[in-house]
Amino acid sequence: MSRPAWQYLLGIVSGLLVALAIGWIIDRPGLCTSLYLAAIVAWQARNLIRFENWLRLRSILRPPNMRGLWGETVERANRLYQRKRFHKRRALMLLRELRRMTSAMPDGTILLGPTREILWFNPTAAQWLGLRRKLDYGIRIDNLIRQPDFVEYVVNGGKGPGPRVHMPNLGDRWFAFNLVTTSARDLQLLIVRDVTSEARLESMRRDFVANASHELRSPLTVVRGYLDTLAEDSTLDETWREPVREMQRQSERMHNIVSDLLELSRLEAGRGEAETEPIDVAGLLALMRREALSRPDRPAKFDVHLESDALLLGAESELHSIFQNLITNAVKYTPPEGTVSVRYWTDGRGSHVAVSDTGIGIPAAHIPRLTERFYRVDAGRSRKLGGSGLGLAIVKHALQRHGAQLEITSEEGKGSSFTCHFPPARVQLRESPVAGVA
Ligand code: ADP
């Protein structure tokens, strides 16, 4: 157990009093106290020199054997030193182990500094991205990989899904990037994955679907033409009338599926963002209202509330397809006595188009999967109504290309609401806004 420092000081003062007492007895108090103090100073100086010598050479010398307060100080300093040595060795061992593991990792790893400069990378990253040891240290990663998607991703500190980057000059490969940041954001780890085979498979699948749909279109047009002629033929045997009508309905469905597949392929093939021509959404929606009202299955009420006349910067065909699909669905899944309403408004967060209905609604469990291809809540009902199951997949893709989001709310038996939120960057306000209800 260590003694408190004042006890050592008390010992020195007691020694001084004893020296003073002896001095008085032999009638030399000055000499005795001076000798005592000189001895104390000499002892302290010796201890200080031994302590300093050990501090300097502590890695090779054993701690000096000292008594009193010095002994305790040396012991404490030695304990601190041993603890520091242990942590240093542990950190070094961990670092070595980490390096060995990241070197053996099948993924590329790049350690970035606060300004995204390269601090370290493993051999896989070096091989894939052509990074040169030492030469590329200190260079900013966005100066080496300049693809806009990638630059935006790293500049934003890895927000959102990591980009896939095509590197035609690095063996025509595709890489997926993932930035791992700590909350302090001073060091960042960039993880690189080779996704070339996945990307090739995906593009093969896309090409296959696009080609198959394209090839199916012409024979289908011929079949539909003949079926139309047959249906109009007054000499056709009565027993054949209903089968021909059914064949017409089915070929119409096939035609819808092929058209939707082709449209989806076209949207997927169109890389990046949609163009930015100014589109008069209010006019487009008013036109669609007229089209919807001419449908035989239209609901009793179809309102269009145009609360904004802002233009949307986008691709007309894609915006048309988005609203057309949502309105067609609302009409399809709403009984004739129901209501469909379309609302267009603009606020600080952008422009919004909501298509709501008082139709059959959608059970909550199905909502997250509605935009998957061929996903239907009730496949039988969708087929009967001429649906392809691709409409909402098209909507989602086209919205994505406009940087927009789809929000779906629905209550089974009560109705649904599909709202498209377009960002402010896609909105162009007119000089004098007009409000109204069509
Ligand atoms: P479909 O061609 O089958 O309508 P969609 O992709 O457009 O395909 O829609 C997917 C599914 O979402 C539909 O089959 C239907 O079950 C459901 N759905 C879409 N819109 C509505 C709506 N307004 N009301 C109820 N269900 C809907």
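The views below come from a predicted model, in which local features need pLDDT of at least 70, side-chain atom pairs count only at pLDDT 80 or more, and totals for chains, interfaces and linings use all residues. Residues are numbered from 1 along each chain as its sequence is written, and side-chain values use heavy atoms, with hydrogens and water left out.

**View 1. The residues around the ligand.** Helices (H or I, at least four residues) and strands (E, at least two) are DSSP runs, numbered from the N terminus.

View 2. An N or O atom in the side chain of Lys332 is 3.1 Å from an oxygen atom of the ligand. A nitrogen atom of the ligand lies 2.9 Å from a polar side-chain atom of Asp357. At Gly389, a polar backbone atom is 2.9 Å from a ligand oxygen atom.

**View 3. Confidence in the model.** The pLDDT, the predictor's confidence in each residue from 0 to 100, averages 90 over the protein, and 97% of the residues score at least 70. Confidence is highest in β12, at a mean of 97, and lowest in strand β14 (residues 436-437), at 46. Where pLDDT is low, the predicted coordinates should not be read in detail.

Key:
Polar contact = N/O pair within 3.5 Å; in protein donor to acceptor, adjacent residues only side chain to side chain.
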